[in-house]
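Thanks for coming. I have one structure today, and I will go through it in a few minutes. Please have a look at it first.

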Amino acid sequence: MKGLLPNRYNLFAWLQALIMLTGLTLWHWDPLFVVMAYFFETIIIGVIHMFKMGVVLRVGKAQQLEEQTNPKESLHHPGVILFFMVHYYMFVAGQSIFIFSFFANKVPAFESGFNLLENYGWLFRQPEFVLLFAIQAVTQITYAIRHWALPAKYQQQTIQGMFIQPYIRIFIQQFATILAGFFFIFMQSGFAAAVLVVLLRLVVDSWLLTAKHNEGAKEKLQKLILKNKEVNPEDLKKQIESFLDQ
């Protein structure tokens with residue numbers, strides 16, 4: 001539980017949550033835009049991850065060593081970033097169709113979940129959503145600088161190992177957000193849904209950020225996943241290390 005309390009690792013997660021809760025209660029931000037901003041931070045994560053891949057390709061020591069020792073198997077061409085972009089944003093497009101369809105009854109502008117350009121266009125014409133999206137962008141950029149750039153994680157990573165990283169994180173984050181979405185749609189309480197998603201994400205982000213730097217928290221994460229007896233402990237350890245290194 002200590003990892004959930006404010007500390008030097010999760011400070012920005014707490015700051016973001018406080019800003020969101022203050023906006024909801026004092027500045028009367030639209031709960032719909034708060035929930036949607038959390039959904040669509042996947043767009044920001046993808047852009048940041050492509051930048052990370054570019055840095056690893058250019059200056060990463062582990063990447064250069066991989067190219068030298070396994071030239072036939074290693075991924076070292078800049079085209080892999082383009083491949084990642086296409087693959088990742090096809091995933092985001094599918095996710096967006098689901099989300100827009102999910103909220104179609106609440107937002108008349110979302111006539112169809114498949115009208116991605118029209119739906120995104122409407123969202124980004126709403127000043128409040130743009131503000132919330134910008135807050136998410138600043139938070140994610142800060143995470144990347146604090147937990148990836150400053151510790152020089154790019155020296156330890158390879159492009160091959162980076163491909164799956166954002167997907168695992170997104171699945172965890174989106175589970176929390178979709179749970180809040182059910183409150184929004186079925187419980188008819190937009191405010192409760194927005195507060196729920198802020199608090200759930202605070203718990204998830206605080207736990208993961210603490211596990212990046214705390215071996216005890218990392219071991220608890222491994223034990224939790226190892227309840228699935230089919231998972232190989234050594235493979236799991238490598239996957240968790242890769243996931244937390246993003």
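Let me start with the charged residues: E41, R201 and D205 are linked in a network of salt bridges. A salt bridge here is a side-chain nitrogen of Lys or Arg within 4 Å of a carboxyl oxygen of Asp or Glu.

Before going on, two notes on the source. This is a predicted model, where local features need pLDDT of at least 70 and side-chain atom pairs count only at pLDDT 80 or more, while totals for chains, interfaces and linings use all residues. Residues are numbered from 1 along each chain as its sequence is written, and side-chain values use heavy atoms, with hydrogens and water left out.

How many salt bridges does the structure hold? There are 2. One joins the side chains of R201 and E41, at 2.4 Å from N to O. R201 sits in helix 10, residues 190-213, and E41 in helix 3, residues 41-59, so this pair ties together parts that are 160 residues apart in sequence. Helices are DSSP runs of H or I with at least four residues, strands are runs of E with at least two, and both are numbered from the N terminus.

R201 also forms a salt bridge with D205, where the closest N and O atoms are 3.1 Å apart. These two are 4 residues apart in helix 10, which puts about one helical turn between them. In general, an α-helix has 3.6 residues a turn, so residues three or four places apart point the same way.

Buried means under 20% relative accessible area, exposed means over 50%, and partly exposed is in between, using a 1.4 Å probe and protein chains only.

Next, helix 2, residues 31-39. In this helix, 9 of 9 residues are buried; among them are V34 and M36.

V34 and M36 come up again in the largest nonpolar core, which has 57 residues. Together with F40 and F103, they have the most contacts inside that core. A nonpolar core is a set of buried Ala, Val, Leu, Ile, Met, Phe, Trp, Tyr and Cys residues joined through side-chain atoms within 4.5 Å. Which residues does M36 contact, leaving aside neighbours within four places in sequence? They are I99, F100, F103, F110, L123 and F129, with contact meaning heavy atoms within 4.5 Å.

Last, the whole chain. Its secondary structure comes to 12 helices and 0 strands. Of its 246 residues, 45% count as buried.
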